[in-house]
Amino acid sequence: MDFWTVLANTANIIGMFTFAASSFAAYRLWKQNRQLRELCKNTPPIQDFQELLKRHQGVKSSNPVALALSLTPATDSIRNSVESFFGIQGWNMPIEELNMNGINNPQDIENFMNILKRKRRFIDEAGYTEVHLFISGPVQAATLVGAFFVHWIPVKLYHKSNITGSYEYWMPIVKM
């Protein structure tokens, strides 16, 4: 046998091994994809959602605090709206504010997250036991806030109704 025949046979063996390995990998990926689709089909719906809302609604601890985030250039502060809501509810709790003139660039996002970290640290150090969260700002910022506050002390989200113009309890920030 000459060199070229040995090289051709070696290339054929490597090609068959590569074909077998890629076929096995394709089969495993197909099987995993099928299992994930079945898992998605069998995902149960959220259970006892109304019970979750009722359990967290209102002031449930001894040392609550409100966090009022105003993140739009149109609104300097939402403190007055939050205080009006508290007057209707008969609640009296301190209000911590975070006011920004909009979130317009990556530096603003970084600044927002750093201020949020300081607020969270302050809330921890002050010994507050639950947070009532009021946000006026972009949805993306609210998403960051939710991700930042999940798995912490109870955080209750409030929504300003377009119909009544007042805040209403929405739900707690919990991982579903």
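Which residue forms a salt bridge with Glu130? The partner is Lys156, with the closest N and O atoms 3.2 Å apart. A salt bridge here is a side-chain nitrogen of Lys or Arg within 4 Å of a carboxyl oxygen of Asp or Glu. By this rule the count comes to 4 salt bridges.

This is a predicted model, in which local features need pLDDT of at least 70 and side-chain atom pairs count only at pLDDT 80 or more, while totals for chains, interfaces and linings use all residues. Residues are numbered from 1 along each chain as its sequence is written, and side-chain values use heavy atoms, leaving out hydrogens and water.

**Salt bridges between strands and helices**

- Glu130 sits in strand β3 and Lys156 in strand β4, so this pair links distant parts of the chain, 26 residues apart; helices (H or I, at least four residues) and strands (E, at least two) are DSSP runs, numbered from the N terminus.
- Glu130 is buried, with a relative accessible area of 1%.
- Lys156 also counts as buried, at 1% relative accessibility.
- Buried means under 20% relative accessible area, exposed means over 50%, and partly exposed lies in between (1.4 Å probe, protein chains only).
- Lys119 forms a salt bridge with Glu96, and their closest N and O atoms are 3.1 Å apart.
- Lys119 lies in helix α4 and Glu96 in strand β2 (residues 95–99), so the pair ties together parts that are 23 residues apart in sequence.
- Both Lys119 and Glu96 are buried.

- Arg79 forms a salt bridge with Glu83, with 3.4 Å between the closest N and O atoms.
- Both residues lie in helix α3 (residues 79–89), 4 residues apart, about one turn of the helix.
- Arg79 is partly exposed at 27% relative accessibility, and Glu83 is partly exposed at 37%.

**A buried charge without a partner**

- Asp108 is found in helix α4 (residues 106–126).
- Asp108 is buried yet has no salt bridge.
- The nearest side chain of opposite charge, Arg118, is 12 Å away; Lys and Arg count as positive and Asp and Glu as negative, while His and the chain ends are not counted.
- Leaving aside neighbours within four places in sequence, Asp108 is in contact (heavy atoms within 4.5 Å) with Met100, Gly102 and Ile103.

- In helix α5 (residues 139–149), the buried residues include Ala141, Val145, Gly146, Phe148 and Phe149.
- Seen down the helix axis, the buried residues of α5 fall within an arc of 165 degrees, so they line one face of the helix; the arc is that of the directions from the helix axis to the C-beta atoms.
- These buried residues pack against β1 (64–70), α4, β3 (130–136) and β4 (155–160).
- On the other side of α5, Val139, Gln140, Thr143 and Ala147 are exposed.
- Just after α5, His151 takes a positive phi of about 65 degrees.

**Surface and helix α2**

- Phe3, Trp4 and Leu7 form a nonpolar patch on the surface, with about 390 Å² of accessible area together.
- Patches are made of residues with over 30% relative accessible area and no salt bridge, joining like charges within 9 Å and nonpolar side chains (Val, Leu, Ile, Met, Phe, Trp, Tyr) within 5 Å.
- Accessible areas come from the Shrake-Rupley method with a 1.4 Å probe; for residues, only the protein chains shown count as cover.
- Leu7 lies in helix α1 (residues 3–41) and is partly exposed, at 41% relative accessible area.
- Glu51 is in helix α2 (residues 49–56) and is partly exposed, at 45%.
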